[in-house]
Amino acid sequence: LYTALEQMDEIMFISDTVGSILYMNPAGQKITGIPVNDYLGRNTREFRHPAYDTEFYEQIWKTVLAGNTWQGELKLLTKQNKTLFVHTIITPIKDEQGRVINVVTLMRDITREKEMQLFMQRSQKLEMIGRFAGGLAHDFNNILATMIGYSDMARDELSGDSKAVEYLSKLKTSGIKARELVQQLLTFNRSLEPRKARISPIQIVEESLTLVKHQIPKHISVYYDEIDPGVMPRVDPVQFKQVVLNLLNNAIQAVEKKKNGIIRISGRLAEGGKQCKVIELENSSDTFYLFEISDNGTGMDKNTIEHIFEPFFTTRPVGKGSGMGLSVVYGIITAHNGKVYVDSKPGEGTTFTICLPFDD
């Protein structure tokens, strides 16, 4: 029995009726990074997750000391303060008289399952939004085509010095801008198939920086990290430049109020999806091209990250952006059979990682 407990993948520990830990199997150290000896003799209160209040844990303890088993989902902190999700079963151990003399706790790490569940929910949500956006875009495009066409016809009927000609020209300009926005909606809906070719990412980055250099304040530094010009992924050059431009604009706005703003750009090959930080690719043996743009700016909280790829979602003031930039990035990379991963914390900056299949 002892050998079985020692070799279990699940955390299993035994405590007394006041919570002092008497035994912890090696899985506890393997999963949390905390040595087994650091658990022994210490109270379970010392390892509680800050997400729950004292009353929550006391209610669980009362249930178990009353002779009943408690089970549910808990959060658990690792040695590095990373939060894990664990399915937990806490069972009372009774003597011959039915008195609770010890408590045994079994924890199974379900963090990957939770992440996959959240990932799938987000993907389904974005797919639904994309379908809606695509349907709206096609209908709206037809209306805009009529407006632009009739503005041209009306302008031809007027003399060149008429004030109405100026008004019609502005109307047409606005219509064209709206049509460009519709084109972005179609990109998000993956309605535009990429025309792939071998491209040098460093060339795309340099061209993009040339276009946005007037937007970069002097206190912001831009660095290239390990972009190998000889590694050339197959992507649509126009669409990939659009991705780079959108991510650069996002990074610039994130650091524009920081005294020593830093933007880093990198690109490299990676073997296997685990390096891509993308859940469903982790066990892959394929080769991927990783492209990253990071900044040390304002960062984002979890709630913001949940919505950043949705069309028209923006945290910027009115008039400072359409909220289409990151949704376009999502649409283009998805059309390339790639994935976009975001790592960000408030006040600690943001990293966008693009993972693209790399075929020789």
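Reply: A contact is taken here to mean heavy atoms within 4.5 Å. The model is predicted, so local features need pLDDT of at least 70, side-chain atom pairs count only at pLDDT 80 or more, and totals for chains, interfaces and linings use all residues. Residues are numbered from 1 along each chain as its sequence is written, and side-chain values use heavy atoms, with hydrogens and water left out.

The part in question is helix α10, residues 325–335. Helices (H or I, at least four residues) and strands (E, at least two) are DSSP runs, numbered from the N terminus. Ten of the eleven residues of α10 are buried; buried means under 20% relative accessible area, exposed over 50%, and partly exposed in between, with a 1.4 Å probe and protein chains only. Those buried residues are L326, S327, V328, V329, Y330, G331, I332, I333, T334 and A335. Just after α10, N337 takes a positive phi of about 60°.

Helix α8 (residues 237–255) contains N246. When residues up to four places away in sequence are not counted, N246 touches G325, V328 and V329. N246 has 18% relative accessibility and therefore counts as buried.

Of its 360 residues, 40% count as buried. Among contacts between residues at least 6 apart in sequence, 61% join residues at least 24 apart. The protein exposes about 20500 Å², of which carbon and sulfur atoms supply 52%; accessible areas come from the Shrake-Rupley method with a 1.4 Å probe, and for residues only the protein chains shown count as cover.

Aromatic rings form a further topic. Rings of Phe, Tyr and Trp (its six-membered ring) pair if their centres lie within 6.5 Å; planes under 30 degrees apart count as stacked, over 60 as edge-to-face and the rest as tilted. By this rule there are six aromatic pairs. The ring centres of Y39 and F47 are 4.7 Å apart and the planes lie at 40°, so this pair is tilted. Both Y39 and F47 are buried. Y52 and Y57 form an edge-to-face pair, at 5.7 Å centre to centre and 90° between the planes. Ring pairs also link Y52, F56 and Y57 into a cluster, and Y57 counts as buried because its relative accessibility is 13%.
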